[in-house]
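Thank you all for coming; I would like to walk you slowly through one model today.

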Amino acid sequence: MKAPAHEATTAQLGGAFPFMASRPLLRHGVLVGRDLHGGAFVHDPFALYGAGVVTNPNLLVLGQIGRGKSALVKTYCYRHAAFGRRIVVLDPKGEYGALAEALGAQPIALRPAGTVRLNPLEVATGDDAAGRRLALLSSLATTCLERPLAPVEHGGLEAALDEATRAARGVPTVKEVVAALLEPSQAAARTLGTGRRALAEETRSLALGLRRLVHGELRGMFDDATSPGLRLDATALVVDLSALFRSSALPALVACTIAALEPIWKVASRRGQQSLLVVDEAWAVLGDLGVARFLQSSWKLARANGVANIAVVHRVSDLAAAGERGSVAAQVAEGLLADSETVVCFAQAPAEVGAAERALGLGRREAGSLARLPRGTALWRVGARSHLVEHRLSPLERSLVDTDAALRGAQR
Ligand SMILES: Nc1ncnc2c1ncn2[C@@H]1O[C@H](COP(=O)(O)OP(=O)(O)OP(=O)(O)O)[C@@H](O)[C@H]1O
Ligand SMILES: [Mg+2]
């Protein structure tokens, strides 16, 4: 006996079999690979935002070690560059060199006492450059002190920044602000209704905390003007942070680098150019309140600046683990999830599936598949829709993404 054929539109089938017969997300965009429920899968955060499918262009990429997160991000950037998008990568493991070269750029390596300097206070000039600098400095200070600033420290910082800006007659450096904090002027003390010595004492730990940015492991990176000749406006910018990947200075390094790159977005958006900002291994810095705040402000500014931010973490609990439940750090990090309307979830450990199911609003069956996804296949949740996608690589791209080479070398 043969069952009679049943005909229905794709819209009807989509309703009957959610996630199994969905319409293609977009007609035009960057090809990612194969939608396992049929057809090709293309994605474009800006086109999706324009079409109202998502309310922000940011992406969060989750997955266990070695499942293909970075490989996806590399080819995603490579393919977007072909459409004129500017690519900026914070590369904590030093694995994006081949991508940089393929895009005609040299990675910039930030190393202790190295040859490249960035001034995080060189924010885009504009009406509120002073306000932006103060916000950057107070986030950097939060990172260095590992606590929020006291009101007197905030006041002292503002006065020191004022002083240093006046003395520099332009863009001050962190070193100059630290000097002004260590020896506050009479005028600064008067502004805050106190004496010079009392102010110096109250802001001493702040000064010593910020001093970390210009001494110790971070020396020579952020203590002077941005190195002349550094092309921050290049089409591709890969900042290699691997010298400090396992160091406790990594959060401060990431925060300073993001701050120093801020002028890029202004210039690009003035030219009408869209950009991708990648923070790979973001899990390693999200526990830091200052960095989590930095990322959050970058995520929130995404639409205004024409930037799609891409953060890579291992699991949802990397976000919750940023601080104790309900703490400011945890709320800030969880806010990143809310501000990332495209979530790409590679395989998760069985113990993590429940958290992913709740956080991403997945159905039971979808969540159940997460523990079994093979390398290179991920569940893409884009706004309210989900797609199971196999990331496909071209032969040329394989050389951009091979992070197993060292492993194979070690086994030989
Ligand atoms: N879609 C794919 N097709 C074929 N090979 C892939 C694919 N994705 C990743 N790989 C290979 O798998 C290896 C690991 O990938 P990748 O470095 O992207 O993992 P990861 O999830 O970023 O890991 P980690 O958490 O350690 O950073 C790489 O050598 C890469 O070449
Ligand atoms: Mg990786």
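Let me begin with a question: how are α5 and α6 oriented to each other? Before I reply, please note that this is a predicted model, in which local features need pLDDT of at least 70 and side-chain atom pairs count only at pLDDT 80 or more, while totals for chains, interfaces and linings use all residues. Residues are numbered from 1 along each chain as its sequence is written, and chains are lettered from A and ligands numbered from 1 in the order in which they are written.

Now the reply: the axes of α5 and α6 cross at roughly 125° and come within 10 Å, where axes are lines fitted to C-alpha atoms, for helices over the stretch in contact, and angles run from 0 to 180 degrees between N-to-C directions. The two helices are therefore oblique to each other; angles under 35 degrees count as roughly parallel, over 145 as roughly antiparallel, 65 to 115 as roughly perpendicular, and the rest as oblique. On the α5 side the contact is made by A130, R133, L134, L137, S138 and A141, and on the α6 side by H154, L157, E158, L161 and T165, contact being counted when C-beta atoms, placed from the backbone, lie within 7 Å. By class, these are six nonpolar, three polar and two charged residues, where Ala, Val, Leu, Ile, Met, Phe, Trp, Tyr, Cys and Pro count as nonpolar, Asp, Glu, Lys and Arg as charged, and the others, Gly among them, as polar.

Helix α5 (residues 129-145) also has α11 (residues 250-260) beside it, with axes that come within 9 Å and cross at roughly 170°. That angle makes α5 roughly antiparallel to α11. This contact divides into eight nonpolar, two polar and no charged residues.

Helix α6 (residues 151-168), in turn, packs against α7 (residues 174-182) at about 120°, with the axes 8 Å apart, which makes α6 oblique to α7.

Let us turn to the sheet. Helices (H or I, at least four residues) and strands (E, at least two) are DSSP runs, numbered from the N terminus, and two strands pair if DSSP finds at least two bridges between them. Here 11 strands form an open sheet with mixed pairing, in the order β2-β1-β11-β10-β9-β3-β8-β7-β4-β6-β5. Strands β2 (40-43) and β5 (108-109) stand at the edges with a single partner strand each, so one side of each is left without a neighbour in the sheet.

Within the sheet, β4 (residues 86-91) and β6 (residues 236-240) run parallel and are joined by five bridges, and the bridge partner of I87 in β6 is A236. By contrast, β1 and β11 run antiparallel over three bridges, with R34 partnered by E390 of β11. Strand β10 (residues 377-382) is also antiparallel to β11, over six bridges, and these two form a hairpin with two residues between them, where G383 in the turn has a positive phi of about 60°.

Finally, which residues are closest to ligand 1? They are G68, S70, A71, G376 and T403, out of 16 that surround it, a residue being near when its C-beta atom, placed from the backbone, lies within 6 Å. Helix α3 gives the most to this shell, with three residues.

Methods:
Two residues are in contact if their C-beta atoms, placed from the backbone, lie within 7 Å.
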